[in-house]
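User: Hello! Could you walk me through this protein one question at a time? I am new to reading structures.

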Amino acid sequence: MRLQFYKYQGTGNDFVMIDNRQDIFPKSDTKLITTLCDRRFGVGADGLILLENDNMSDFNMDYYNSDASQSMCGNGGRCAVAFAKFLGIIDSETTFRAIDGLHKAKIIDDVVTLQMHDVSEVREKPSYSFLDTGSPHHVQMVDNLERFDVLKEGAKLRYGLYGKTGSNINFVEQVDNNSFGVRTYERGVEGETLSCGTGVTAVAIAMHKLGKTDSSEVHIKSPGGNLIIGFQQQNGSYTDVMLTGPAKMVFTGEVEW
Ligand SMILES: N[C@@H](CCC[C@H](N)C(=O)O)C(=O)O
């Protein structure tokens with residue numbers, strides 16, 4: 001069988017995108033998901049996204065990490081909005097469903113602003129913070145981020161501190177009052193990705209909560225590009241959390257399986 005796919009990237013976090021509105025994709029075939037994401041035996045990507053019909057919103061985003069596990073994906077959500085616009089499903093504003101509920105988003109040219117869910121709990125430990133922004137995130141400040149061994153230290157924490165369920169692990173270095181450098185070890189990819197949308201959202205909120213910034217607009221520099229996170233803080237909760245950055249189609253093609 002032949003399957004048309006579209007390859008997207010959002011600040012270097014890359015996804016195989018499939019229009020599954022006709023329910024053509026065999027979701028239970030985890031081998032197909034992992035092979036499509038394989039950079040040698042497949043198309044190659046950090047994750048796979050199925051764009052589907054939803055009866056209460058414009059579309060449903062069904063997201064799979066490259067190991068076929070599921071979670072919310074911020075950059076994937078931004079790319080899914082760009083894909084929905086390409087398919088003519090939406091114009092410049094949308095509400096769509098993801099694993100963590102409904103999300104609003106806007107697209108202007110190839111820049112997508114995605115509303116993330118509110119965050120009411122940030123667990124603060126002496127050397128790190130932990131919070132859920134749709135997926136779980138450990139946020140830890142380090143010196144010399146550029147030379148930091150993200151793969152080794154990320155894997156150690158992902159498996160050692162968080163057990164089987166695991167967590168994404170973000171390492172952070174402050175640049176100035178409202179900007180930070182971030183590198184992320186992603187569970188489900190089991191390696192460093194060039195950017196993680198839910199991860200940089202977690203970093204922005206954790207840095208604000210820690211008092212490292214007093215700004216409600218935080219700029220993040222990831223290895224794959226820059227993202228902006230805006231939010232409001234009300235009674236200890238973070239609301240109106242907006243993740244903004246580019247989302248682009250890279251190429252399209254067909255695979256046979
Ligand atoms: N790259 C994503 C995060 C994807 C989910 C994560 N790997 C997990 O399983 O928790 C993003 O942009 O948010």
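User: Which residues does C196 touch, not counting residues up to four places away in sequence?

Analyst: Two residues are in contact if their C-beta atoms, placed from the backbone, lie within 7 Å. This is a predicted model, where local features need pLDDT of at least 70, side-chain atom pairs count only at pLDDT 80 or more, and totals for chains, interfaces and linings use all residues. Residues are numbered from 1 along each chain as its sequence is written. With neighbours up to four places away in sequence left out, C196 touches N13, N75, N168, T184 and E186.

User: Is C196 buried or exposed?

Analyst: A residue is buried if 20 or more other C-beta atoms lie within 10 Å of its own, exposed if 12 or fewer, and partly exposed in between, with C-beta atoms placed from the backbone. C196 has 33 other C-beta atoms within 10 Å, so C196 is buried.

User: In which loop does C73 lie?

Analyst: Helices (H or I, at least four residues) and strands (E, at least two) are DSSP runs, numbered from the N terminus. C73 is buried, with 30 other C-beta atoms within 10 Å. Its place is the loop between strand 4 (60-65) and helix 2.

User: Which residues is E186 in contact with, leaving aside its neighbours within four places in sequence?

Analyst: E186 is one of the positions where UniProt (unreviewed entry) places the feature "binding site". E186 sits in strand 12 (residues 179-186) and is buried, with 29 other C-beta atoms within 10 Å. Beyond its neighbours within four places in sequence, its contacts are D46, N168, G191, T193 and C196.

User: Which residues around the ligand are the closest?

Analyst: A residue is near a molecule or strand if its C-beta atom, placed from the backbone, lies within 6 Å of it. In total, 19 residues surround the ligand. Helix 2 and helix 4 (197-209) are the elements that give two or more residues to this shell. The closest residues are S71, N75, S135, G197 and T198.

User: How many polar residues does the shell around the ligand have?

Analyst: Ala, Val, Leu, Ile, Met, Phe, Trp, Tyr, Cys and Pro count as nonpolar, Asp, Glu, Lys and Arg as charged, and the others, Gly among them, as polar. Three residues of the shell are nonpolar and two are charged, while the polar ones number 14.

User: What distance separates the centres of domain 1 and domain 2?

Analyst: Domain bounds come from an automatic or database domain assignment. Here that gives domain 1 (2-114 + 247-256) and domain 2 (123-245). Taken over C-alpha atoms, the separation of their centres is 23 Å.

Notes
UniProt positions are given in the numbering used here, feature names are shortened, and annotations may be inferred rather than shown by experiment.
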